[in-house]
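Let's walk through this model together and look at how its parts meet. Keep the structure open beside you as you read.

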Amino acid sequence: MAPTKGLEVNGLSVQFGGLKAVSNLSLAVQHGELIGLIGPNGAGKTTVFNALTGFCRPNSGTIIFDGHDITHKPPHFVAQFGVARTFQNIRLFKDLSVLDNLKIAYHQNFGYSILGGILRIPLYHQEEAKVIEESVRILDLVNLTEHRQVKAGNLAYGNQRKLEIARALVMKPKLLLLDEPAAGMNPFETRELVKLIREIQESFDLTVFLIEHDMSLVMNLCKRIYVLDYGLLIASGGVDEVRNDPRVIEAYLGEDAPWQS
Amino acid sequence: MLDLKGRKGKWNISVLILLGILYLVIHCMAASRILLPYHIQVLGLVCINIILVVSLNLINGFLGQLAIGHAGFLAIGAYLSAALTVFYGFPFLLAILISGIAAGLVGILIGVPALRLTGDYLAIATLGFGEIIRVIILNIPAVGGPRGFSGIPRLTNFGLTYLLAIITVFVVKNFIDSAHGRAVVSIREDEIAADSLGVNTTYYKVAAFAIGAFFAGTAGALFSHYMQYISPAPSQIGFLRSIEILIMVVLGGLGSLTGSVITAFALTLLPELLRGFAEYRMVIYPILLILMMLFRPSGLMAGNELSFEFLEKLFKRKPKSNAKGVSPGGAN
Amino acid sequence: MVWYTILIQQIINGLALGSVYALIALGYTMVYGIIKLINFAHGEIYMLGAYFGFFALTIFNLPLIPAMLISMLLAAIIGMGIERIAYRPLRNAPRIAALITAIGASLLIQSVAQLTFGASFRPFPQVIPFQRIQVGPIFLTNRQLIMFGVAILLMVLLHLIVHYTKIGKAMRAVSMDKEAALLMGIDVDKVISFTFAVGSALAAAGGILVGMYYNRIDPYMGIMPGLKAFVAAVLGGIGVIPGAVLGGFLMGTAENLVVAFGSSTYRDAVAFAVLILVLLLRPSGLLGKRQNEKV
């Protein structure tokens, strides 16, 4: 098979004890797409992300990214292939400055060795200057430059979400997984976020795959949507197609129909 | 833009010059008998403790893993170097280097399995490894077994301890300020996030552990050739020693090298200066330890380093001393 | 003696000693199950228990059983005090802070004990005259039987408390899910206090039993048994009560066998070797369940 660009998941199953969190999931995301993953609470969405990024081991199935099999690879290995992610409950390095948060994400791009760093070889100085330049460039994009010396934990909530995305961008990823990026944001912040995601997707030539509860955001951004319920893929397709799918409506019965608001 | 380049390099050189002057001052004071040989002897122990405390702080403070078997690495260095110089006539500097490497290798050997554990388990496992090393030494008759290893030549002098202490601080400081050191700190802050950013957490845990072990090994080599005797007692190379180093790390501040140097200095001198202190220090230290964790968990220096920037900030802030809640920020 | 008589003899000695490890291990395991912290000071509570028993027996001339009960009560109060002062304020702090406090508490009790009781050992009063019992080629002592018997009795008592009382049920609920327990109206602070009290009382009983067994107590007697009991708890599966008992007996036996067939200098290394093997091969312990960190 010729190496395809993008993400290909085949027959993915993840089991925790007796509970099947994800069963037999297959999906494909083409390079440059902006795709949504939705589903009621507990449908297994975050588990899918965890399996994709190596944080939990799938019991069966394969995950191919850009032609590389990343199925059972550890998280740092997956990251090296250009898969970046954010977390539902924001995982910033809270006691470090905003700038240091970004510097850490630049990790894989450093060329000097441990010894080189200790001896402060010329490459050290070059690359340390470059990482600041790069970081500031990305901070400008998310309007956080003036906060660069602030502790990440002291940022306002919406800015923490943005910083987490910025941090992922520093890795120069090809695929960006966003786990509920708008959670806890007010409508104004959400609109800003939509703009930001569009902007970075274009300027960084990214594939974006996102989990979200805020349907206005999903409907606005994503061209295609996958719907998960009890670990099973129950629908996929364009926005209108999914919206009118009887299985999707049924899955959401009992919850607030997410697209009414 | 701010602090893009230059400043760090200048800082290193000016500090080195200051340290050189300090050495000359101590040397002159010793030559003119202001400082007696006894004082110099104690200062040497201060330097050895600085090596131990700074290297443990790398593991406890920067990596954020509570390893408490540091004396085990000291033991390896102390005994191995003594065996090398006494039995095989190795040159001392080579013996120090080999001791450090051996301790570092054992650190890797221990680190690979132990660092898979977290928090409490790691603490007990490292304590256990330290004790196993001690028990093994107790069972080697060639190095004196329970009686200890005596007749070690006095090859360590104050200058050597001073030099090695400086090297340790600089290596750890430069490591922390590099991409690799930041990876280590990111593990302390949030291991899962670090992992997701491509940091090979196992590699960096073991690397930090090995660097810490290496320096503890060299400290051991200096120690045994300074005291000319090494005993396998818990207070020398066992868990009591490990805990003592840990106390210095914590009181100085997890993640503050300046704090480590200050406490290594203060807590080595205090028992020598105050006669009654030695008796009560094991009551006072733990109380300080608990109070520190309850009220100022970040330690004396609160993760700050004594630097030109820090001093600047300190003095700039002074006029507005009423302004509360100014966060120091992570300007490093 | 033939090797198998030595083996049986050592297993019996091991079970007697192991019953005390089990008593101490129960305290570690209950506390760990409930607040996920190694109570490093637990070994020191065991030491204090031995001293309280000693003073009750010698200065106040109490009979054994009241002396033991008083010692258990005092130890329970101290255990609760440590939790209240040193651990509770740090319940939501980084783990390393709580661990360091625990080490501090342990050192503090040890040093204070050394200053007040003296650093040298004291002979424990011979409350029960020594008797040797012979069964075929095997020797037992009445002290071993008492040690074993009292330990088993206390374990049964603990089992009844944990399974059949209201506070016991609350303990189990808190160890399963602290937030949910809180929502169900359980006073979590009270339950944690109670857990420390029970664990400390068991350790104090262990201290007196060992004092009687070895005829001597000293301020450092808590260090090694404390560490070994901790290993026993890990071996059985930390947080699992039957696991602590199993681990305690296994540790006691293993230690005696190594001394009998190997060298006594390796006595204290056994515990750590066991610990490392368990952590490598089965970190969740013999009776524990595997758990992963949530992402």
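Between them, domain 1 of chain A and domain 2 of chain A bury about 1,300 Å², and 72% of that area is on carbon and sulfur atoms. Please keep in mind that this is a predicted model. On the domain 1 side of chain A, the residues that lose the most area to domain 2 of chain A are Pro173(A), Leu196(A) and Phe204(A), which together account for 35% of what that side buries.

To find your way around, colour chain A by its domain assignment: domain 1 takes in 1–82 + 173–261, while domain 2 covers 92–171. The C-alpha centres of domain 1 and domain 2 of chain A are 27 Å apart. Where the two meet, 18 residues of domain 1 of chain A are in contact with 12 residues of domain 2 of chain A.

What about polar links across this interface? Between domain 1 and domain 2 of chain A, the rule finds 2 residue pairs in polar contact, both at pLDDT 80 or more. For salt bridges across the interface of these domains of chain A, the count is 0.

Now look at which elements build the domain 1 side of chain A that touches domain 2 of chain A. Helix H2 (75–80), strand S7 (175–179) and helix H7 (187–203) of chain A each supply at least two residues to that side. H7(A) gives the most, with 5 residues. Sorted by class, this side of domain 1 of chain A has 12 nonpolar, 2 polar and 4 charged residues.

Definitions and conventions
Residues numbered from 1 in each chain as written. Chains lettered and ligands numbered in written order. Predicted model: local features only at pLDDT ≥ 70, side-chain atom pairs only at ≥ 80, totals over all residues. Heavy atoms only, no water. Domains from an automatic or database assignment. Contact = heavy atoms within 4.5 Å. Buried area = accessible area lost by both parts, 1.4 Å probe. Salt bridge = Lys/Arg side-chain N within 4 Å of Asp/Glu carboxyl O. Polar contact = N/O pair within 3.5 Å; in protein donor to acceptor, adjacent residues only side chain to side chain. Helix = DSSP H or I, 4+ residues; strand = E, 2+ residues; numbered from the N terminus. Nonpolar A, V, L, I, M, F, W, Y, C, P; charged D, E, K, R; others polar.
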